[in-house]
Amino acid sequence: MATTPESNKNSIMAKAATMKDVAHEARVSIGTVDRVLHNRGRFSQEAADRVRAAAKHLDFQPNLVASNLKRAQWRTLVAVLPYSQQDGGFWQLVVDGINRAVQQLGHHYVRVRFAHYDRFQPESFTAIAEDLVREASQQIGDNGNRTDADETYAGIILAPTLQSASAELARRCDPIPVVVLDGELPGVDLLCSISQESYESGLLAAKLLHLMAGPGRYVSVVVGREDYHLLRRRSGFEDFFHGSVATERIEATSERELRERMVQRAGRLPEIDGIFVANAAAHTVIDALQSSAGHRSGAGISVVGYDLIPENIARLRDGTLTFVINQQPDNQGYQAVYALYRHSVLKERVEHQIRIPVDLVTRETLQFHELPPDSTRG
């Protein structure tokens, strides 16, 4: 059966067109095709027009992964996170997820550099941010475009526990893409954010406490400095009640300060019926209550908190912590790496918000969840 140009085209498309096919149809060298499609080096406008027309006609899809491997260009992700041990080891779980993804992508020349800060000390974050901005500026030309350095920052993974400083860092590092996890940065142009819906999880916590303790006196606990998603959780918690029951706030800038404030509160009337802890510090609240002489030692107080860190797991097991809302920190770190990989290497569209499901854990369901290796302590 005789072949026609159209049947030749269909045969090429069936087996996926290659750069050689594009070069043949455009009547140029493979090197010219590579330069045109990657917009580098010298080529004439006429050659560029022929290459682009041929690529469109053949439905050519460049193998971006193979291109990245061929160029052997390391793509470095910078993870700006609190110290791993803070928040009871929550951030170590995020680190584990990031490392798991990077290990899978290592052969694609993706690697990570961690920059840790003390989330209770703003100056610690500021020092890291200045270093990162200086390094990033060396990879961005005067026209605002990325340079062709041997190592480039493919993206930044950022935990915005310090809201204003995090927003400023993201803006100053533009156009390097930024992925925010365990929080949000309203008004900042991000690649994406990865978190639970903070307000809705606060509503859920209020509903759980109301079901457990009925009309009583509730306390919401927030630990940190200007942390947007923690405040959104508290807003959801308080809005559920609409003033129908008594609520009060306890705020602290560190877990040590939180312990002191809880001990002081335990010695005063009226007594507390339910406590909502907006981050991973539920175990600190429970320990403070139990150490307070003359109080109910936490007995009969329903407590809802966040995160399956070892200390909270221990309190779930002994019954002093009623519910844990698990944010899947390992999964958040893992997805952050893949979002940047899909954007920077595969050139795929990344959804602006990746929502983590609200994952409710009790003592009875704990056995069905993946737990950190050292979860027997606490």
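Predicted model: local features only at pLDDT ≥ 70, side-chain atom pairs only at ≥ 80, totals over all residues.

Trainee: In which sense do strand 6 and strand 8 pair, and over how many bridges?

Mentor: Strand pairing is read from the bridges between two strands. Here strand 6 and strand 8 (residues 274-277) run in the parallel sense, with 4 bridges between them. Strand 6 also pairs with strand 7 (residues 246-252), again in the parallel sense, over 7 bridges.

Trainee: Why is strand 6 described as largely enclosed by the rest of the structure?

Mentor: Burial is judged residue by residue, with under 20% relative accessible area as the limit. In strand 6 (residues 217-223), 6 of the 7 residues are buried, so the strand is largely enclosed by the rest of the structure.

Trainee: How is a pair of aromatic rings described?

Mentor: One gives the distance of the centres and the angle of the planes. The whole structure holds 9 aromatic pairs. For Phe237 and Phe276, the ring centres are 4.8 Å apart and the planes lie at 15°, so this pair is stacked. It joins distant parts of the chain, since Phe237 belongs to helix 10 and Phe276 to strand 8, 39 residues apart.

Trainee: Are Phe237 and Phe276 buried or exposed?

Mentor: Both Phe237 and Phe276 are buried. They also belong to a cluster linked by ring pairs, which includes Tyr218, Phe240, Phe241 and Tyr306. At Tyr306, Arg233 lies over the ring face, 3.9 Å from the ring centre.

Trainee: Which residues touch the most other members of the largest nonpolar core?

Mentor: A core is read through its contacts. The largest nonpolar core has 56 residues, and Val80, Leu81, Leu158 and Leu181 touch the most other members. Helix 6 (residues 90-105) gives the most to this core, namely 8 residues. Apart from this core lies another, of 27 residues, including Ala252, Ile275, Ala282 and Val303.

Trainee: What is Leu158 in contact with, beyond its neighbours within four places in sequence?

Mentor: The contacts of Leu158 include Val80, Phe125, Ser166, Leu169, Leu181 and Leu185. Val178, Val179 and Val180 are also among them.

How values were computed: Residues numbered from 1 in each chain as written. Heavy atoms only, no water. Core = buried A, V, L, I, M, F, W, Y, C linked by side-chain atoms within 4.5 Å. Buried < 20%, exposed > 50% of the residue type's maximum accessible area, 1.4 Å probe, protein only. Contact = heavy atoms within 4.5 Å. Pairing = 2+ DSSP bridges. Phe/Tyr/Trp six-rings, centres within 6.5 Å; stacked < 30°, edge-to-face > 60°. Lys NZ or Arg CZ within 6 Å of the ring centre and 35° of its normal.
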